[in-house]
Amino acid sequence: MARVLLLGGSGQLGTCIRCRYPRTWDLHAPPSSQLDVTDASAVQKTVAEFEPDLVINAAAFNRVDEAERHPEQAYAVNALGADHVAHAAKRARARLIHISTDYVFDGLQNGLPATEPYHEDATPHPLNVYGKSKHEGELTVLASGGEAAVLRTAWLYSEHGRNFVRAVLARLTMGEQLRVVSDQIGSPTYAGDLADAVIALGLRGESVAGIWHVTGAEAMSWYRFACRIVDIWQEPEFAGMRGTRPATCAAGDGNCAVVVPITSHAWGASASRPAYSVLSCEKARVLGITPKPLDSRLRQVLRAVLRR
Ligand SMILES: NC(=O)c1ccc[n+]([C@@H]2O[C@H](COP(=O)([O-])OP(=O)(O)OC[C@H]3O[C@@H](n4cnc5c(N)ncnc54)[C@H](OP(=O)(O)O)[C@@H]3O)[C@@H](O)[C@H]2O)c1
(Lines give C-alpha, C1' and ligand atoms only; values in the text may rest on other atoms or scores of the structure.)
Protein backbone atom coordinates (compact mmCIF):
# COMPACT_ATOMS: atom_id res chain seq x y z
CA MET A 1 0.00 0.00 0.00
CA ALA A 2 1.24 3.50 -0.85
CA ARG A 3 0.89 5.93 2.04
CA VAL A 4 -0.74 9.15 0.81
CA LEU A 5 -1.18 12.34 2.84
CA LEU A 6 -3.90 14.65 1.50
CA LEU A 7 -4.06 18.28 2.67
CA GLY A 8 -7.23 20.22 1.89
CA GLY A 9 -9.28 17.03 1.92
CA SER A 10 -12.50 18.87 2.85
CA GLY A 11 -12.38 21.16 -0.20
CA GLN A 12 -13.90 20.54 -3.62
CA LEU A 13 -10.87 18.80 -5.05
CA GLY A 14 -10.03 17.07 -1.77
CA THR A 15 -13.54 15.65 -1.49
CA CYS A 16 -13.37 14.35 -5.07
CA ILE A 17 -10.01 12.69 -4.33
CA ARG A 18 -11.42 11.09 -1.17
CA CYS A 19 -14.34 9.72 -3.25
CA ARG A 20 -12.05 8.23 -5.91
CA TYR A 21 -8.67 7.22 -4.53
CA PRO A 22 -7.52 3.69 -5.42
CA ARG A 23 -7.56 0.76 -3.00
CA THR A 24 -3.81 0.56 -3.23
CA TRP A 25 -3.58 3.84 -1.27
CA ASP A 26 -3.58 4.17 2.50
CA LEU A 27 -4.98 7.74 2.53
CA HIS A 28 -4.66 10.06 5.52
CA ALA A 29 -6.59 13.33 5.14
CA PRO A 30 -6.44 15.35 8.37
CA PRO A 31 -8.89 18.29 8.49
CA SER A 32 -7.46 21.82 8.75
CA SER A 33 -8.52 21.89 12.41
CA GLN A 34 -6.04 19.03 13.03
CA LEU A 35 -3.33 20.12 10.64
CA ASP A 36 -2.95 23.78 9.74
CA VAL A 37 -0.44 24.13 6.89
CA THR A 38 0.64 27.54 8.22
CA ASP A 39 2.07 25.75 11.28
CA ALA A 40 5.50 24.53 10.17
CA SER A 41 6.17 22.26 13.13
CA ALA A 42 2.72 20.65 12.94
CA VAL A 43 3.25 19.92 9.23
CA GLN A 44 6.73 18.55 9.91
CA LYS A 45 5.45 16.35 12.78
CA THR A 46 2.51 14.92 10.80
CA VAL A 47 4.65 14.14 7.77
CA ALA A 48 7.43 12.63 9.89
CA GLU A 49 4.95 10.44 11.81
CA PHE A 50 2.83 9.29 8.85
CA GLU A 51 5.86 8.71 6.58
CA PRO A 52 3.95 9.22 3.34
CA ASP A 53 5.16 8.07 -0.05
CA LEU A 54 3.10 10.85 -1.63
CA VAL A 55 1.78 14.19 -0.35
CA ILE A 56 -1.07 15.96 -2.19
CA ASN A 57 -1.41 19.63 -1.30
CA ALA A 58 -4.93 20.77 -2.21
CA ALA A 59 -5.10 23.18 0.76
CA ALA A 60 -5.49 26.79 -0.27
CA PHE A 61 -6.85 30.21 0.62
CA ASN A 62 -9.09 30.38 -2.41
CA ARG A 63 -11.33 33.40 -1.92
CA VAL A 64 -9.89 35.65 -4.60
CA ASP A 65 -11.54 38.92 -3.54
CA GLU A 66 -11.06 38.32 0.17
CA ALA A 67 -7.36 37.76 -0.48
CA GLU A 68 -7.11 41.46 -1.48
CA ARG A 69 -8.42 42.45 1.96
CA HIS A 70 -6.43 39.80 3.88
CA PRO A 71 -3.20 39.29 1.92
CA GLU A 72 -1.41 37.98 5.03
CA GLN A 73 -3.89 35.08 5.25
CA ALA A 74 -3.58 34.27 1.55
CA TYR A 75 0.24 34.28 1.69
CA ALA A 76 0.26 32.28 4.94
CA VAL A 77 -1.65 29.38 3.35
CA ASN A 78 -0.74 29.61 -0.34
CA ALA A 79 2.95 30.52 -0.09
CA LEU A 80 4.22 29.78 3.42
CA GLY A 81 1.97 26.73 3.82
CA ALA A 82 3.20 25.38 0.47
CA ASP A 83 6.79 25.93 1.65
CA HIS A 84 6.17 23.99 4.89
CA VAL A 85 4.55 21.11 3.00
CA ALA A 86 7.25 20.99 0.30
CA HIS A 87 10.14 20.92 2.78
CA ALA A 88 8.47 18.36 5.05
CA ALA A 89 7.78 16.16 2.00
CA LYS A 90 11.37 16.50 0.84
CA ARG A 91 12.73 15.58 4.28
CA ALA A 92 10.50 12.48 4.29
CA ARG A 93 11.57 11.65 0.70
CA ALA A 94 7.89 11.75 -0.26
CA ARG A 95 6.76 12.84 -3.69
CA LEU A 96 4.57 15.97 -3.74
CA ILE A 97 1.69 17.01 -5.97
CA HIS A 98 0.90 20.66 -5.35
CA ILE A 99 -2.17 22.31 -6.91
CA SER A 100 -1.96 25.79 -8.43
CA THR A 101 -3.97 28.10 -10.63
CA ASP A 102 -4.46 29.78 -14.00
CA TYR A 103 -4.52 33.08 -12.08
CA VAL A 104 -0.70 33.08 -12.07
CA PHE A 105 -1.15 34.56 -15.57
CA ASP A 106 -2.22 38.10 -16.43
CA GLY A 107 -4.08 37.58 -19.70
CA LEU A 108 -1.33 39.14 -21.79
CA GLN A 109 1.14 37.63 -24.25
CA ASN A 110 3.98 39.83 -25.55
CA GLY A 111 2.22 42.83 -24.07
CA LEU A 112 -0.98 42.20 -26.05
CA PRO A 113 -4.25 40.54 -25.01
CA ALA A 114 -3.59 36.79 -24.90
CA THR A 115 -5.25 34.67 -27.58
CA GLU A 116 -3.38 31.37 -27.27
CA PRO A 117 -3.54 28.92 -24.34
CA TYR A 118 -0.67 29.33 -21.87
CA HIS A 119 1.90 26.53 -21.88
CA GLU A 120 3.62 25.32 -18.72
CA ASP A 121 6.80 27.28 -19.50
CA ALA A 122 5.03 30.64 -20.02
CA THR A 123 6.20 33.28 -17.56
CA PRO A 124 3.67 33.93 -14.80
CA HIS A 125 2.65 37.48 -14.00
CA PRO A 126 -0.25 37.38 -11.57
CA LEU A 127 -2.64 40.31 -11.28
CA ASN A 128 -4.09 39.78 -7.82
CA VAL A 129 -3.01 38.78 -4.30
CA TYR A 130 -4.42 35.28 -4.66
CA GLY A 131 -2.47 34.71 -7.90
CA LYS A 132 0.71 36.24 -6.43
CA SER A 133 0.51 34.08 -3.30
CA LYS A 134 -0.13 30.95 -5.41
CA HIS A 135 2.80 31.83 -7.68
CA GLU A 136 5.05 32.16 -4.62
CA GLY A 137 3.79 28.75 -3.54
CA GLU A 138 4.75 27.29 -6.94
CA LEU A 139 8.24 28.78 -6.75
CA THR A 140 8.91 27.47 -3.28
CA VAL A 141 7.63 23.99 -4.19
CA LEU A 142 9.76 23.83 -7.35
CA ALA A 143 12.84 25.14 -5.50
CA SER A 144 12.47 22.74 -2.56
CA GLY A 145 14.68 20.16 -4.22
CA GLY A 146 12.11 17.43 -3.65
CA GLU A 147 10.29 15.28 -6.21
CA ALA A 148 7.50 17.80 -6.78
CA ALA A 149 4.82 18.30 -9.43
CA VAL A 150 2.87 21.56 -9.66
CA LEU A 151 -0.50 20.99 -11.25
CA ARG A 152 -2.23 24.17 -12.45
CA THR A 153 -5.95 24.13 -12.99
CA ALA A 154 -8.81 26.60 -13.45
CA TRP A 155 -12.44 27.48 -12.68
CA LEU A 156 -13.22 24.39 -10.58
CA TYR A 157 -16.79 23.23 -10.16
CA SER A 158 -18.36 20.14 -8.65
CA GLU A 159 -21.30 18.91 -6.60
CA HIS A 160 -19.29 19.79 -3.48
CA GLY A 161 -18.47 23.06 -1.76
CA ARG A 162 -18.66 26.62 -2.98
CA ASN A 163 -18.46 27.06 -6.76
CA PHE A 164 -19.94 28.88 -9.74
CA VAL A 165 -22.26 26.07 -10.90
CA ARG A 166 -23.85 25.73 -7.47
CA ALA A 167 -24.20 29.52 -7.18
CA VAL A 168 -25.93 29.72 -10.60
CA LEU A 169 -28.25 26.83 -9.74
CA ALA A 170 -29.22 28.46 -6.45
CA ARG A 171 -30.16 31.67 -8.27
CA LEU A 172 -32.05 29.81 -11.01
CA THR A 173 -34.04 27.81 -8.48
CA MET A 174 -35.07 31.09 -6.83
CA GLY A 175 -36.23 32.41 -10.22
CA GLU A 176 -33.64 35.17 -10.15
CA GLN A 177 -31.92 36.81 -13.10
CA LEU A 178 -28.14 36.63 -13.15
CA ARG A 179 -25.60 39.28 -14.18
CA VAL A 180 -22.48 37.47 -15.28
CA VAL A 181 -19.10 38.73 -16.46
CA SER A 182 -18.55 38.17 -20.17
CA ASP A 183 -15.03 39.59 -20.63
CA GLN A 184 -13.01 36.94 -18.78
CA ILE A 185 -12.19 33.73 -20.67
CA GLY A 186 -11.11 30.54 -18.92
CA SER A 187 -11.68 26.79 -18.83
CA PRO A 188 -14.30 25.36 -16.46
CA THR A 189 -12.92 22.19 -14.90
CA TYR A 190 -14.85 19.43 -13.15
CA ALA A 191 -13.06 18.76 -9.84
CA GLY A 192 -13.71 15.02 -10.27
CA ASP A 193 -11.70 15.02 -13.50
CA LEU A 194 -8.93 16.95 -11.78
CA ALA A 195 -9.01 14.38 -8.94
CA ASP A 196 -8.58 11.61 -11.54
CA ALA A 197 -5.60 13.49 -12.98
CA VAL A 198 -4.03 13.92 -9.53
CA ILE A 199 -4.49 10.21 -8.86
CA ALA A 200 -3.02 9.32 -12.28
CA LEU A 201 0.04 11.48 -11.52
CA GLY A 202 0.29 9.92 -8.07
CA LEU A 203 0.22 6.40 -9.50
CA ARG A 204 3.01 6.99 -12.02
CA GLY A 205 6.12 4.98 -11.23
CA GLU A 206 8.51 7.41 -12.87
CA SER A 207 9.16 11.06 -12.08
CA VAL A 208 6.44 13.61 -12.84
CA ALA A 209 8.37 16.54 -11.38
CA GLY A 210 7.67 19.91 -12.99
CA ILE A 211 4.61 21.89 -14.02
CA TRP A 212 1.47 20.37 -15.57
CA HIS A 213 -1.74 21.99 -16.80
CA VAL A 214 -5.05 20.18 -16.36
CA THR A 215 -8.41 21.81 -17.17
CA GLY A 216 -11.70 21.03 -18.87
CA ALA A 217 -11.77 20.92 -22.67
CA GLU A 218 -13.63 24.12 -23.49
CA ALA A 219 -12.67 27.76 -23.06
CA MET A 220 -15.44 30.31 -22.58
CA SER A 221 -16.50 33.38 -20.59
CA TRP A 222 -18.27 33.14 -17.23
CA TYR A 223 -21.35 34.39 -19.09
CA ARG A 224 -21.22 31.55 -21.65
CA PHE A 225 -20.56 29.11 -18.82
CA ALA A 226 -23.71 30.34 -17.05
CA CYS A 227 -25.71 29.99 -20.30
CA ARG A 228 -24.47 26.39 -20.67
CA ILE A 229 -25.60 25.65 -17.11
CA VAL A 230 -29.03 27.09 -17.91
CA ASP A 231 -29.24 25.07 -21.14
CA ILE A 232 -28.58 21.84 -19.26
CA TRP A 233 -30.90 22.86 -16.42
CA GLN A 234 -33.71 23.30 -18.97
CA GLU A 235 -33.36 19.75 -20.30
CA PRO A 236 -36.44 17.52 -19.71
CA GLU A 237 -34.48 15.34 -17.28
CA PHE A 238 -34.40 18.20 -14.77
CA ALA A 239 -38.04 19.29 -15.23
CA GLY A 240 -39.22 18.17 -11.79
CA MET A 241 -36.17 19.55 -9.98
CA ARG A 242 -36.22 23.19 -10.97
CA GLY A 243 -37.77 24.60 -7.80
CA THR A 244 -41.04 26.41 -7.30
CA ARG A 245 -40.27 29.61 -9.21
CA PRO A 246 -38.39 28.50 -12.31
CA ALA A 247 -36.94 31.32 -14.39
CA THR A 248 -38.06 31.59 -17.99
CA CYS A 249 -35.27 31.27 -20.45
CA ALA A 250 -34.95 31.61 -24.20
CA ALA A 251 -32.02 29.25 -24.44
CA GLY A 252 -30.95 27.30 -27.51
CA ASP A 253 -28.84 29.83 -29.37
CA GLY A 254 -26.16 30.11 -26.72
CA ASN A 255 -27.81 33.25 -25.33
CA CYS A 256 -30.14 33.16 -22.41
CA ALA A 257 -32.73 35.66 -21.16
CA VAL A 258 -32.11 34.89 -17.49
CA VAL A 259 -28.39 35.52 -17.80
CA VAL A 260 -27.31 39.07 -18.56
CA PRO A 261 -23.73 39.69 -19.74
CA ILE A 262 -21.83 42.44 -17.92
CA THR A 263 -18.25 43.69 -17.92
CA SER A 264 -15.73 43.01 -15.16
CA HIS A 265 -15.77 46.76 -14.52
CA ALA A 266 -19.54 46.74 -13.98
CA TRP A 267 -19.22 43.74 -11.64
CA GLY A 268 -16.67 45.71 -9.61
CA ALA A 269 -14.84 42.86 -7.84
CA SER A 270 -12.01 43.82 -5.46
CA ALA A 271 -9.47 41.64 -7.27
CA SER A 272 -8.43 42.13 -10.90
CA ARG A 273 -8.69 38.93 -12.89
CA PRO A 274 -7.07 38.01 -16.21
CA ALA A 275 -9.24 38.58 -19.28
CA TYR A 276 -7.83 35.32 -20.67
CA SER A 277 -6.32 32.49 -18.60
CA VAL A 278 -6.80 29.42 -20.80
CA LEU A 279 -4.16 26.75 -20.13
CA SER A 280 -2.75 24.45 -22.79
CA CYS A 281 -3.17 20.85 -21.57
CA GLU A 282 -1.16 19.23 -24.39
CA LYS A 283 1.77 18.22 -22.16
CA ALA A 284 -0.43 16.11 -19.84
CA ARG A 285 -1.65 14.04 -22.82
CA VAL A 286 1.61 12.05 -22.63
CA LEU A 287 0.36 10.82 -19.24
CA GLY A 288 -3.01 9.86 -20.75
CA ILE A 289 -4.69 12.88 -19.11
CA THR A 290 -7.04 14.49 -21.64
CA PRO A 291 -9.39 17.46 -21.20
CA LYS A 292 -12.99 16.35 -20.65
CA PRO A 293 -16.10 17.88 -22.31
CA LEU A 294 -18.28 20.27 -20.32
CA ASP A 295 -21.87 19.18 -20.91
CA SER A 296 -21.64 15.61 -19.64
CA ARG A 297 -19.90 16.81 -16.46
CA LEU A 298 -22.46 19.57 -15.94
CA ARG A 299 -25.29 17.00 -16.21
CA GLN A 300 -23.54 14.87 -13.62
CA VAL A 301 -23.23 17.81 -11.21
CA LEU A 302 -26.82 18.96 -11.77
CA ARG A 303 -28.09 15.45 -11.04
CA ALA A 304 -26.14 15.35 -7.78
CA VAL A 305 -27.05 18.89 -6.66
CA LEU A 306 -30.72 19.05 -7.70
CA ARG A 307 -31.63 15.60 -6.38
CA ARG A 308 -30.43 16.46 -2.86
N1 LIG B 1 -11.72 26.68 -6.92
C2 LIG B 1 -11.23 27.08 -8.09
O3 LIG B 1 -11.96 27.59 -8.96
C4 LIG B 1 -9.75 26.91 -8.38
C5 LIG B 1 -9.24 27.40 -9.59
C6 LIG B 1 -7.88 27.22 -9.86
C7 LIG B 1 -7.06 26.58 -8.94
N8 LIG B 1 -7.59 26.12 -7.79
C9 LIG B 1 -6.70 25.44 -6.83
O10 LIG B 1 -7.17 24.11 -6.66
C11 LIG B 1 -6.89 23.68 -5.32
C12 LIG B 1 -8.15 23.10 -4.72
O13 LIG B 1 -9.18 24.09 -4.73
P14 LIG B 1 -10.63 23.81 -4.11
O15 LIG B 1 -11.62 24.57 -4.92
O16 LIG B 1 -10.79 22.36 -3.87
O17 LIG B 1 -10.46 24.55 -2.71
P18 LIG B 1 -11.53 24.72 -1.54
O19 LIG B 1 -12.78 24.01 -1.86
O20 LIG B 1 -11.57 26.18 -1.22
O21 LIG B 1 -10.82 23.96 -0.34
C22 LIG B 1 -9.66 24.47 0.25
C23 LIG B 1 -9.16 23.45 1.24
O24 LIG B 1 -8.02 24.00 1.89
C25 LIG B 1 -8.16 23.81 3.27
N26 LIG B 1 -7.41 24.82 3.99
C27 LIG B 1 -7.57 26.16 3.96
N28 LIG B 1 -6.70 26.75 4.81
C29 LIG B 1 -5.98 25.74 5.36
C30 LIG B 1 -4.94 25.69 6.32
N31 LIG B 1 -4.44 26.81 6.87
N32 LIG B 1 -4.43 24.48 6.67
C33 LIG B 1 -4.92 23.33 6.12
N34 LIG B 1 -5.91 23.31 5.21
C35 LIG B 1 -6.43 24.51 4.85
C36 LIG B 1 -9.65 23.92 3.52
O37 LIG B 1 -9.98 23.38 4.77
P38 LIG B 1 -11.27 23.98 5.60
O39 LIG B 1 -12.46 23.63 4.79
O40 LIG B 1 -11.21 23.27 6.89
O41 LIG B 1 -11.02 25.45 5.69
C42 LIG B 1 -10.18 23.11 2.34
O43 LIG B 1 -10.11 21.74 2.65
C44 LIG B 1 -6.29 24.88 -4.61
O45 LIG B 1 -4.90 24.80 -4.65
C46 LIG B 1 -6.72 26.06 -5.45
O47 LIG B 1 -5.83 27.16 -5.34
C48 LIG B 1 -8.92 26.26 -7.47
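What percentage of the 308 residues of the chain count as buried?

1. Of the 308 residues, 49% count as buried, a residue being buried if 20 or more other C-beta atoms, placed from the backbone, lie within 10 Å of its own. This is a predicted model, in which local features need pLDDT of at least 70 and side-chain atom pairs count only at pLDDT 80 or more, while totals for chains, interfaces and linings use all residues. Residues are numbered from 1 along each chain as its sequence is written.

2. The chain holds 10 helices and 14 strands; these are DSSP runs, helices being H or I of at least four residues and strands E of at least two, numbered from the N terminus. Its radius of gyration, 19 Å, is close to the 19 Å that the globule rule gives for 308 residues, so the chain is as compact as a globular protein of that length. The radius is taken over C-alpha atoms, and the rule is 2.2 Å times the number of residues to the power 0.38. The C-alpha trace spans about 60 × 45 × 40 Å along its principal axes.

3. Among contacts between residues at least 6 apart in sequence, 82% join residues at least 24 apart. Two residues are in contact if their C-beta atoms, placed from the backbone, lie within 7 Å.

4. Helix H4 (residues 71-91) and helix H5 (residues 129-143) have axes that come within 8 Å and cross at roughly 15°. The axes are lines fitted to C-alpha atoms over the stretch in contact, with angles from 0 to 180 degrees between N-to-C directions. H4 is therefore roughly parallel to H5, a term for angles under 35 degrees.

Terms used:
Buried ≥ 20, exposed ≤ 12 C-beta atoms within 10 Å, placed from the backbone. Parallel < 35°, antiparallel > 145°, perpendicular 65-115°, else oblique.
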